[in-house]
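Trainee: I would like to learn how to read charged side chains in a model. Can you take me through one case, step by step?

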Amino acid sequence: MDVTNFFSIASQQNRWLGVRQSVIAQNIAHVNTPGYKALDVEPFEAVLNATGLKMQKTQASHLSPASGTGSDAQTQEESQWAVLHSGNSVSLEEQLFKASEVTGQYSRNTGVMKVFHRMLLASTKG
């Protein structure tokens, strides 16, 4: 993966996080709207898989993504959030949990980008 590709993927993930945050804010705004169904965006992994980028094993000691070792491939999430009598499926707790996830992912993404940028600057200074 070259440098521009890394920054491009990180930038795409930040845009995706922005879209997800706006969808979550829209869900929270409609928490009392009868019949409103909560929305969410497609996971970033699905968007990334659509680009054709694949993980590569460059050393024998790396974990293989296909082996499932160290992954949570067996984990399945079930929606346990209730639908109200009015037909509204927005759970304020669920939306706040998702907003917290977005904040954490954004912080982690920008932290990695800052470290990578500092590393590039240090390597060019010599």
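**Reading a charged network**

Mentor: Start with arginine 20: its side chain makes a polar contact with the side chain of glutamate 101 (3.4 Å). A polar contact is a pair of N or O atoms within 3.5 Å; within protein, one must be able to donate a hydrogen and the other to accept it, and residues adjacent in sequence count only if both atoms are side-chain atoms. Note that this is a predicted model, where local features need pLDDT of at least 70, side-chain atom pairs count only at pLDDT 80 or more, and totals for chains, interfaces and linings use all residues. Residues are numbered from 1 along each chain as its sequence is written, and side-chain values use heavy atoms, with hydrogens and water left out.

Trainee: How many salt bridges does a search of the whole structure find?

Mentor: General idea first. Side chains of opposite charge can pair when their charged atoms come close. A salt bridge is a side-chain nitrogen of Lys or Arg within 4 Å of a carboxyl oxygen of Asp or Glu. The search finds four. One of them joins glutamate 101 and arginine 20, with the closest N and O atoms 3.4 Å apart. Glutamate 101 lies in helix H3 (residues 92-125) and arginine 20 in helix H1, so this pair ties together parts 81 residues apart in sequence. Helices are DSSP runs (H or I, at least four residues), numbered from the N terminus.

Trainee: Which side chains does lysine 98 meet in salt bridges?

Mentor: One is aspartate 40, at 3.2 Å, N to O. That pair links distant parts of the chain: lysine 98 is in helix H3, aspartate 40 in the loop between H1 and helix H2 (44-50), 58 residues apart. Another is glutamate 94, at 3.5 Å, N to O. Lysine 98 and glutamate 94 are four residues apart in helix H3, so about one helical turn separates them. Both are buried.

Trainee: Which residues do salt bridges that share partners join into one network?

Mentor: Arg20, Asp40, Glu94, Lys98 and Glu101.

Conventions
Helices (H or I, at least four residues) and strands (E, at least two) are DSSP runs, numbered from the N terminus. Buried means under 20% relative accessible area, exposed over 50%, partly exposed in between (1.4 Å probe, protein chains only).
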